[in-house]
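I opened this model to look up ring pairs, charges over rings, a strand pair and a helix pair. My entries follow.

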Amino acid sequence: MKKYMLLLAATTIFISCGGVKNTIVKTENINYTVEQFADLQILRYRVPGFDDLSLKQKELIYFLTQAALEGRDILFDQNGKYNLTIRRTLEAIYLQYKGDKTDPDYLNLEVYLKRVWFSNGIHHHYGSEKFIPGFTPEFLKHEILNLDAAKLPLFNGQTPVQLCNEIFPIIFDSTIMPKRVNQADGQDLILTSACNYYDGVTQQEAEAFYNSMKDSTNETPVSYGLNSRLVKENGKLVEKVWTVDGLYGEAIQKIVLWLKKAESVAENNAQKEVIAKLIEYYETGDLKTFDEYSILWVKDLDSRIDFVNGFTETYGDPLGMKASWESLVNFKDMEATLRTEIISGNAQWFEDHSPVDKQYKKEKVKGVSAKVITAAILAGDLYPATAIGINLPNSNWIRDHHGSKSVTIGNITDAYNKAAHGNGFNEEFAYSDVEKGLIDKYADLTGNLHTDLHECLGHGSGKLLPGVDPDALKAYGSTIEEARADLFGLYYIADHKLQELGLTPNDDAYKAEYYTYLMNGLMTQLVRIEKGNSVEESHMRNRQLIARWVFQQGMPDKVVELVKKDGKTYVVVNDYQKLRILFGELLAEIQRIKSTGDFEAARSLVEGYAVKVDPVLHAEVLERYKKLNLAPYKGFVNPVYELVTDKDGEITDVKVSYNEGYAEQMLRYSKEYSSLPTINN
């Protein structure tokens, strides 16, 4: 798992006279905040430097953004079989509604639809639980039956009444498909997950199916199951592969069409080969071709424009094998990249000096490239919520033999930071003026550095021992991998080496990251969880695992404490140096687990530290956070790109604007980039 998610960014809220929450954050003539609803806040991001690119580079970005947006419906369908049906039904009502728009049922339907857009389905994008509608079944049925049937996503002669009968249990019954991805120990993770990567298949059957394909002597294995749905037909397990002629073909054909246009304006031959190989992969579905594409992509270091497009990350599969569709189009931030190049240029030093046992270290770190990028478009599983750092490819052997690319998304981090400053969050949760002073002075710097270390070095560090299955940790693999990368960053951000390299100014700066990380992992990330729920999402599990482990292991020396002041709980770090030692000890153990494929040890750590929530502390944190009127989750609307042509139809420029609203953008995307059938079998 190679994404780094922002811990928590929040913004100050003002209540408008109409009762709708709005945030005013305006910088450089850009309104960074668009709107807020439920537990979500929608932001904008700028694309600085775009106007300085050449016309050819702008054209390349335009074509790649179109390819990115064409995959949108794939993710909706991957996240749940009924997501497209429900989204299209709700959009039809939203567009055709003639009733009272102050009616609570309508307002609640509007919020529900906005949440569906944000999460690419009916389950929370982060917590994975199904949304509870605030409108009644009677209201929804009335609106569906009053619509022109031609506006509804009816399937195979279905009537509007039959449509209601099909989707109402999915929407309103909390016991049906309650979790998109279930990670509960001891349950069949496939049968209890609503994601659409398997059909009629049990966890045991799926694991046996893919285990039978694996050869422990093969040092260059493909990523089995990465680009397919596993189904049972006539009692036999069959993979339905996602290709131009297979499942999701209607969307993939359009992706390929735009990729071919991009190929025609590629910056150089290396980039042209990358795009051509990706097209070949989409046409064949061959996972060996995907590996060839990944190697070419890793080796293309000279292109200013870069992109991710395809079936990439496996968080959405409870078994961590099948990949969701995502895309990111970007270009290098030349000035900011100097920081990451310093880090990646010293990769071997960091590997050699890590606290990990020598047998689990890489003797020679290969091909670690790192850069700060400017995102031009977010799509698929990176939209509207996005990572702030990415490290790819995910294949262990490709990383070992050919290296990896690590990126920090500079303009996204900048938008988060601009929207978060001065919101009262640190004043509420930081223990004293000492901690608040550290955060104010250093947190932006150390937060970026931790992201860089996590992505540039953490994911690329260590190695699997010969014969160890990359999927040996099963459902715990993502949490362990994220913990490994986070710990690598935490351990080294306090190292004097960073001062020698000119990356940190003094011996105190790292304390800002240590404190905010512990505060988040022990307390404040709980604002993202509903009362009574456990921690489910891999990044949140990772952070709680680390924070709870060092908290408990450091208890005899009171390294970290939870103390009461004025009736409120606060995190106090008493010994930052001992805390660093504890981070190093946990890193060594996490790497051992990863390197040896020790499933039981992974299970013990995750279940013991990462899952359970203290209900009393949880209730307190929720109450304190509620008073701040902040939203715990952030996402973005994309910029809008427009071709400028002359009288002969020749492209003369590409313009970028930032004025599109959230609902406006979502409805446009549903109209212009929605080529899949409502039901995809």
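Predicted model: local features only at pLDDT ≥ 70, side-chain atom pairs only at ≥ 80, totals over all residues.

I took helices (H or I, at least four residues) and strands (E, at least two) as DSSP runs, numbered from the N terminus. Residues are numbered from 1 along each chain as its sequence is written, and side-chain values use heavy atoms, with hydrogens and water left out.

Entry: aromatic pairs. I counted rings of Phe, Tyr and Trp (its six-membered ring) as a pair if their centres lie within 6.5 Å; planes under 30 degrees apart are stacked, over 60 edge-to-face and the rest tilted. The count comes to 38 aromatic pairs. I looked up Trp-242 and Tyr-248: their ring centres are 5.8 Å apart and their planes stand at 40 degrees, so this pair is tilted. Phe-488 and Tyr-492 make a tilted pair too, with 5.0 Å from centre to centre and 55 degrees between the planes. I found both Phe-488 and Tyr-492 in helix 17 (residues 477–493), four residues apart, which is about one turn of the helix.

Entry: burial. I used buried for under 20% relative accessible area, exposed for over 50% and partly exposed in between (1.4 Å probe, protein chains only). Why does Phe-488 count as buried? Its relative accessible area is 2%. Tyr-492 is buried at 0% relative accessibility. Trp-242 and Tyr-248 are buried as well. I also noted one aromatic cluster whose members include Trp-242, Tyr-248, Tyr-281 and Phe-311.

Entry: charges over rings. I required NZ of Lys or CZ of Arg within 6 Å of the ring centre and within 35 degrees of the ring normal. Arg-87 sits over the face of Phe-76, 4.6 Å from the ring centre. Arg-624 sits over the face of Tyr-570, at 4.9 Å from the ring centre.

Entry: strands. In strand 14 (residues 389–392), I saw Gly-389 and Asn-391 point one way and Ile-390 and Leu-392 the other, all of them buried. Strand 14 pairs with strand 15 (residues 404–409) in the antiparallel sense over four bridges; pairing needs at least two DSSP bridges. Ser-406 in strand 15 is the bridge partner of Asn-391.

Entry: helix contacts. I took contact as heavy atoms within 4.5 Å. Thr-85, Ile-86 and Thr-89 in helix 3 meet residues of helix 6, among them Leu-163, Glu-166 and Ile-167.
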